[in-house]
Amino acid sequence: MNKQLIKAAYSPEDFRNSGHELIDLIADHLDTAMKGTSSKVINYAQPTEEYEFWNNYLQVGEASELNKAIINRSIHLHHPGYMGHQISPVAPVTALTSLLNGILNNGMGIYEMGMAPTAMERVVIEQLCKVVGYSHNSGGFLTSGGTLANLTALLSARKRIGLNDVWENGTAHKMAIMVSEEAHYCIDRAARIMGFGTDGIVKIPVTENFEINTALMEDAFKKTTEKGYQIIAIVGSAPSTATGIYDNLDAIGDFALAKGIWFHIDAAHGGGAIFSGKYRSLLKGMNKADSMVIDGHKMMMMPSITTALLFKKGKDSYNTFRQKADYLLQESEDEDWYNLAKRTFECTKYMMSLHWYTLLKIYGKSIFDEFVTTLYDLGQKFGLILESDPSFEVAVKPMSNIICFRFINKDIDLFSLNKINATIRQQLLEEGEFYIVQSKIKEIIYLRVTIMNPFTNEEHFKELLDNIKRKAIPLINA
Ligand SMILES: *Cc1c(COP(=O)(O)O)cnc(C)c1O
């Protein structure tokens, strides 16, 4: 064997050439996508059709055209018509940090396997904690996604608050968490993973504005406790995924304090608002939280997936996965901060801090203020346009960049309107000029928009709404 393939695969010259080509391709893509001159956000294909294409491509496709084909057959988040799920159109510089991560591939589990990014991670976490309003006792780390971060935070809560050390002894002890019925499904999943079962997830109904009904918390707490459950934590959403509405964190924080339970904030989507001079007040009370999750890949312009999990008492993050119940610290926490896998669910993780640190270094915190404020302002604007148009109705006045609305007509019943709105959304998907999603809230189908692109503007909103109205005409008459 003369190892030709290995030599080719590791050739720096080949890498240089194909790398330059790819960067040019990406820059061209960005240019057309951002201007909206590539008319489509998505070239939608049915799943089996897409499978056939790629199965076939492996046999007959040109390797030199592969990257182009991937771009053409992917959804384009940098297109102003992209208003779908809550994923960032990334700041292009973070694609470069992704590249650096890709080649260096430091595994981060222990200090030597990622010296620079481990130290950078601490710097980033300290910056975030400061903006939240935590003291110097705070701490945290970066981890793989809001879902995992929420689970990790709740495991930390169980470790500190739970009567029995489940980690060491297993348990028949019944525990529960309280959360709004509108919370992200991963909170429910986390509770089930922790063995709490259906009754261990106490869902508090929302008000008509879709925020947790704080007036019902006391009663729910009492009833659940009487059933023999120990409530260990309450979770606030900032905001909730479906509707974009922030819970009253201040009131939840006071309640948690009074009951001696852990207060966790799921700010996976809207945590970036800590940087927004204008919208930061939506998170009032956040400094009362024991832990808080902020996704970098949603409102902070970074690639998937990277999430900050912050703890008011940094010490809590060291206990989550500690094997011994009656531990004695061998080393002080300060000595141990750099072996990150002791605190994260992951063993290997990618060098996530590169994105955060690079954005802070090049643009400063203000970039996050500009980004979040712009998008939330656009949310307000879109809300006003919808309110002024009798063909539309919003589920709730927007508080963020997530807006649920639907086409309405006073002569048509709910069932038919649901069908019309769902059909419109499907037609939009297949047409591909806009990408929006849909969401069912209390039996009503809404069109759901998350404005993720700071270059989306009022013109795009108007085009979208005109498009929807055009589509509705034949559906009404059908
Ligand atoms: C997106 C989201 C999550 C899940 O986070 P991932 O990073 O996708 O795992 C959790 N909670 C809320 C409120 C979210 O918006």
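1. Basis of the values. Because the model is predicted, local features need pLDDT of at least 70 and side-chain atom pairs count only at pLDDT 80 or more, whereas totals for chains, interfaces and linings use all residues. Residues are numbered from 1 along each chain as its sequence is written, and side-chain values use heavy atoms, with hydrogens and water left out.

2. Largest pocket. About 1200 Å³ of space lies in the largest pocket, where a pocket is, on a 1 Å grid over the protein atoms alone, an open set of points with protein on both sides within 12 Å along at least five of seven lines, and lining residues have an atom within 4 Å of a point. Grid points are joined across faces, edges and corners, and the volume is the space filled by probe spheres set on the points. Of the 39 lining residues, Leu-22, Ile-23, Ile-26, Ala-95 and Leu-99 are the closest to the centre. Helices H1 (4-9), H2 (12-35), H4 (66-72) and H5 (93-104) each supply at least two lining residues, and the largest share, 13 residues, comes from H2; helices (H or I, at least four residues) and strands (E, at least two) are DSSP runs numbered from the N terminus. The lining divides into 24 nonpolar, 13 polar and 2 charged residues, with Ala, Val, Leu, Ile, Met, Phe, Trp, Tyr, Cys and Pro counted as nonpolar, Asp, Glu, Lys and Arg as charged, and the others, Gly among them, as polar.

3. Second largest pocket. This pocket holds about 470 Å³ of space, and of its 24 lining residues the closest to the centre are Glu-126, His-136, Asn-137, Ser-138 and Gly-139. Two or more lining residues come from each of helix H6 (115-132), strand E1 (139-143), helix H13 (316-319) and helix H14 (333-336), with H6 giving the largest share, 7 residues. The division here is 6 nonpolar, 9 polar and 9 charged.

4. Cavity. The count comes to 1 cavity of 30 Å³ or more, a cavity being a set of points where a 1.4 Å probe fits but cannot get out. About 50 Å³ of space lies in the largest cavity, and its lining includes Leu-155, Arg-158, Trp-167 and Thr-320. Helix H7 (146-161) and helix H8 (166-169) are the elements that give two or more residues to this lining, and H7 gives the most, with 3 residues.

5. Open sheet. Four strands form an open antiparallel sheet in the order E8-E9-E11-E10, with E8 (392-394) and E10 (437-441) as the edge strands; strands pair if DSSP finds at least two bridges between them. Neighbouring strands are turned by 40° against each other on average, direction ignored. Helix H18 (residues 458-477) packs on the sheet, touching E8, E9 and E11 (444-450), and its direction makes about 30° with that of E9; contact means heavy atoms within 4.5 Å, and axes are lines fitted to C-alpha atoms, for helices over the stretch in contact, with angles running from 0 to 180 degrees between N-to-C directions.

6. Strand E5. Since 5 of the 5 residues of E5 (residues 262-266) are buried, this strand is largely enclosed by the rest of the structure; buried means under 20% relative accessible area (1.4 Å probe, protein chains only). Trp-262, His-264 and Asp-266 point one way from E5, while Phe-263 and Ile-265 point the other way. Strand E4 (residues 230-237) pairs with E5 in the parallel sense over 5 bridges, and Val-235 stands opposite His-264.

Note on methods. Buried means under 20% relative accessible area, exposed over 50%, partly exposed in between (1.4 Å probe, protein chains only).
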